[in-house]
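Open the model in your viewer and keep the selection tool at hand.

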Number of protein chains: 2
Amino acid sequence: MGNIKVALCQLNFTVGDILGNTEKIIKAIEKGEKEECNFICFPELSITGYPPEDLLLRRKFIEDNLNALQKIRKNVKNSIVIVGFVNKKNNKVYNSAGIIYKGEIIGIYNKKILPNYGVFDEKRYFSKGREIGFFEINGIKFGVVICEDIWHKHGPYKKQIKNGAIYIFVLNASPYHYKKIKERERIIKEISLKYNIFLFYTNLVGGQDELLFDGQSLAVNNKGQVIKKGKPFEEEILIFSSEDKPIEIEEVNESEEIYKGLICGLRDYVYKNNFKKVVIGLSGGIDSALTATIAVDALGKENVIGIFMPSRFSSPQSYLDAKKLAKNLGIEFKIISIEKIFNSYLETLKDIFQDRPFDITEENIQARIRGNILMALSNKFGYLVLTTGNKSEMSVGYATLYGDMAGGFAVIKDLYKTMVYKIAKWRNSISPVIPENIFIKEPTAELKENQKDTDTLPPYEVLDSILKEYIENDKSYEEIVNIGFDENLIKKVLKMVDRNEYKRRQSPPGIKITPKAFGKDRRMPIINKYLKWNI
Amino acid sequence: MGNIKVALCQLNFTVGDILGNTEKIIKAIEKGEKEECNFICFPELSITGYPPEDLLLRRKFIEDNLNALQKIRKNVKNSIVIVGFVNKKNNKVYNSAGIIYKGEIIGIYNKKILPNYGVFDEKRYFSKGREIGFFEINGIKFGVVICEDIWHKHGPYKKQIKNGAIYIFVLNASPYHYKKIKERERIIKEISLKYNIFLFYTNLVGGQDELLFDGQSLAVNNKGQVIKKGKPFEEEILIFSSEDKPIEIEEVNESEEIYKGLICGLRDYVYKNNFKKVVIGLSGGIDSALTATIAVDALGKENVIGIFMPSRFSSPQSYLDAKKLAKNLGIEFKIISIEKIFNSYLETLKDIFQDRPFDITEENIQARIRGNILMALSNKFGYLVLTTGNKSEMSVGYATLYGDMAGGFAVIKDLYKTMVYKIAKWRNSISPVIPENIFIKEPTAELKENQKDTDTLPPYEVLDSILKEYIENDKSYEEIVNIGFDENLIKKVLKMVDRNEYKRRQSPPGIKITPKAFGKDRRMPIINKYLKWNI
């Protein structure tokens with residue numbers, strides 16, 4: 001058997017950009033062949049990008065992807081290339097890997113286990129493959145599986161190994177959430193050890209709307225030892241030999257990993273949608289501070305504009321904090337008072353509101369003026385507006401629809417408030433850009449006199465714990481009561497979550513970081529009377 | 001065999017309202033038993049409402065539904081009740097029908113063919129049933145299938161018939177789109193004729209977020225003749241005997257059917273979300289005129305408030321048309337000028353905009369002021385804001401995000417502009433509430449001097465034809481060229497459609513009327529470079 005040389009191409013592909021993706025694949029093949037690799041492996045659906053969603057319903061789209069495969073084929077000389085593409089046979093569509101050698105497609109593996117849970121809709125598009133996925137070229141016996149295939153005890157790799165496969169190549173587009181990498185590594189090592197095989201796992205990298213792919217591709221030898229590992233959230237072509245010595249894996253700090261993910265997700269959303277600059281409303285609070293910091297780290301300080309929009313309710317301290325943040329980040333900082341506009345609304349609506357007291361209406365008007373101003377800057381100057389809401393707020397609807405929720409991308413939408421502080425603290429440990437006072441002061445929306453978040457919400461430590469049980473663990477009211485929170489508090493929180501589904505439905509996409517994010521990961525009806533009679 | 005008496009309970013259930021749905025079911029059983037029916041049949045997933053979406057991931061939710069089934073069971077005396085519920089067995093979840101007789105669940109059928117296309121996600125939740133679904137009680141041989149099961153040539157009914165079933169009961173939650181009813185009737189008659197069996201089809205009725213269920217339940221005898229048919233969009237318990245004489249089916253006017261559907265969808269969205277009154281921005285144009293008319297027909301004139309919000313660009317004629325419409329409808333009509341507020345924005349933004357010319361920015365500011373005003377009325381008075389955009393606009397993004405797109409429900413979101421005129425014309429044929437001038441004048445957004453829709457868009461007849469090919473038929477650019485439209489025009493339109501996916505993602509839900517609506521029916525990536533290199 002002996003030694004084989006392998007290239008795992010952990011690359012950032014773009015959905016729909018069949019031409020660009022194909023060029024990237026061909027370049028990587030050239031590099032791998034120059035290095036005399038025996039195998040050059042790509043992620044799942046490299047040609048189309050992942051997930052192509054309903055583009056897969058277009059006949060022409062699949063045709064274009066098949067033509068691209070033919071183009072790639074012609075560029076393969078002495079290596080064995082394994083590349084993800086969309087296969088079509090007898091009117092059935094498959095999520096597939098093409099095995100190419102000496103300019104010919106010598107084999108195809110169609111994915112067997114199709115995920116259709118969480119963020120996945122693969123059964124909407126793909127038929128289940130029936131082939132074994134075992135190949136032998138030049139005496140090298142290997143198997144090919146795709147993503148979900150490897151996560152199942154009775155996945156197709158078992159038959160491949162029975163057939164004599166010593167190397168298993170895994171093509172992946174494995175959406176990121178924190179802590180997932182450990183689970184992934186555990187499974188790969190387990191299979192390797194159990195069957196005494198080499199496992200080469202190539203993962204996609206980059207952001208696609210709300211999804212994030214972390215790379216961190218992995219090669220383990222037949223003793224379950226890691227011999228190569230890709231970086232998180234960076235493109236990389238990993239070249240190694242199957243007999244390379246085991247390496248030490250550095251433990252990645254969780255906050256660092258998440259932070260890198262946020263940078264990657266934001267950068268890709270901005271660039272892949274052809275934006276260059278972003279504008280952010282800076283309130284002087286922690287959410288906008290972290291969002292702006294991520295933006296600067298992702299796009300460069302010259303591409304981030306911070307706008308402070310004070311009203312009669314803004315404290316001088318908020319101004320100082322926002323200004324200091326902008327200075328620390330080195331970004332353009334503008335002040336646009338909303339007072340004049342706010343007054344014009346109050347005047348205009350005076351007759352119709354008569355003598356009704358100041359309430360949530362006037363609070364929302366302010367937030368929506370700010371939203372309108374940011375969108376005006378977006379329209380006039382071509383900036384993308386970033387929203388700054390966190391997951392705790394999105395959960396309970398503590399945000400103004402069309403107000404602070406107005407914008408193209410919600411960077412920290414999937415971070416609970418407690419996580420926001422944690423990640424911001426970690427970022428400050430690299431260089432202290434977020435003013436210390438922003439960490440210390442009590443959170444407030446400053447939409448009325450002396451307002452504090454805790455007027456409306458329980459302390460974030462408590463709130464976040466309840467939200468996690470309800471949203472991520474799908475626990476019922478009774479089950480959360482049993483965990484030990486106050487019954488009335490749980491009722492209040494759960495009702496807020498359900499009642500605000502309509503807001504989330506109109507919120508901009510944001511980066512999935514937790515095991516269950518809002519968006520395609522959690523599909524809840526708006527009309528939903530379950531809680532009403534249940535608690 | 002002889003005669004059997006049947007009740008098909010075409011009822012309006014609410015997602016999550018297990019208690020309310022159960023009560024409704026028990027009442028219908030009482031009625032059916034009082035009438036001495038042999039069979040009392042309900043729609044698919046009657047106990048939970050359809051579709052329950054991710055509520056199905058909660059253990060407790062399924063438990064509650066199983067307990068409800070037990071409660072229903074106890075209320076069944078001498079009839080055979082067939083009711084849709086969520087079954088759970090060996091940790092697998094099924095979309096099922098319970099067959100109940102004399103207080104006992106004497107059989108269960110688990111749905112075999114699970115739709116996972118279009119608006120459907122059933123493979124996300126349910127396992128595939130394996131049972132035949134054939135039953136014999138008191139010498140009556142019958143089969144039970146659920147919705148999608150009946151649409152497939154090799155559906156489970158074939159085995160049931162082989163086993164001797166003479167009656168097939170079909171439980172449905174069949175989402176409405178126009179022209180679907182004909183297809184449905186054709187298939188039911190065909191199966192009946194081919195196998196010489198009775199087919200009793202019970203369909204859900206009502207609105208659930210973007211979905212609409214039209215009722216129109218159907219009973220055909222063993223000669224493929226219709227012996228009973230339910231009304232469109234109304235609750236009804238259809239009671240009949242299997243030997244009843246065939247009836248003449250009245251052809252329902254398509255515009256009338258759609259109009260009734262819009263009323264039903266809006267009414268359910270408003271009431272099931274606990275609203276009472278709605279507010280609509282009346283521009284004097286056809287879209288807001290039709291929306292207001294539907295709202296009055298759905299909710300009563302006392303529950304609809306029309307707001308005219310003029311600016312310097314509003315023509316006197318728009319005011320006259322809006323006012324006349326409101327008068328014809330008998331609704332409250334208020335005028336709120338946006339001029340003062342608009343000026344305050346221009347003043348506030350003057351420095352930052354410097355001398356840049358008036359462009360889309362200033363247009364959008366106006367639309368967003370109107371959105372903010374309507375939302376303020378919503379907040380202050382508890383109204384639901386209805387948006388008035390049509391499918392043509394939603395497709396090409398000819399609408400302002402957070403402006404005219406701001407609101408809770410988009411009633412005519414799935415009507416192309418040409419359909420809007422057609423439906424409005426039909427409604428006026430009943431009573432001429434929409435002023436004739438609104439039909440005659442050229443569409444305009446009135447956001448700048450002398451603006452017309454055709455400044456930006458092709459004539460709606462052309463636009464709508466291209467959109468239909470691209471959106472509903474998933475045709476490629478080349479295929480649309482072959483149909484015969486101008487190449488540059490197609491390019492322009494297709495690019496607009498793709499580029500505005502981000503707006504649609506943040507738009508309120510609206511009622512699905514066409515075979516492919518925006519929303520869960522069409523899942524397109526925002527980051528999508530396909531067109532970029534393809535045309």
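Select domain 1 of chain A and domain 2 of chain A: their centres, taken over C-alpha atoms, are 39 Å apart. Domain 1 covers 5–252, and domain 2 covers 258–448 + 509–514; such bounds come from an automatic or database domain assignment. This is a predicted model, in which local features need pLDDT of at least 70, side-chain atom pairs count only at pLDDT 80 or more, and totals for chains, interfaces and linings use all residues. Residues are numbered from 1 along each chain as its sequence is written, while chains are lettered from A and ligands numbered from 1 in the order in which they are written.

Next, show where the two domains of chain A meet. Here 15 residues of domain 1 are in contact with 14 residues of domain 2 (C-beta atoms, placed from the backbone, within 7 Å). On the domain 1 side, β10 (205–208) and β11 (211–214) of chain A each supply at least two residues; strands are DSSP runs of E, at least two residues long, numbered from the N terminus. The largest share of that side, 3 residues, belongs to β11(A).

Now move to chain B and select β10 (residues 205–208) with β11(B): the two strands pair in the antiparallel sense over 4 bridges, where pairing takes at least two bridges found by DSSP. Val205(B) is opposite Asp214(B) of β11(B). Between the strands of this hairpin are 2 residues, and Asp209(B) has a positive phi near 55 degrees.

Finish on β11 (residues 211–214) of chain B. Leu211(B) and Phe213(B) on one side, and Leu212(B) and Asp214(B) on the other, are all buried (20 or more other C-beta atoms within 10 Å of a residue's own, with C-beta atoms placed from the backbone).

Terms used
A residue is buried if 20 or more other C-beta atoms lie within 10 Å of its own, exposed if 12 or fewer, and partly exposed in between; C-beta atoms are placed from the backbone.
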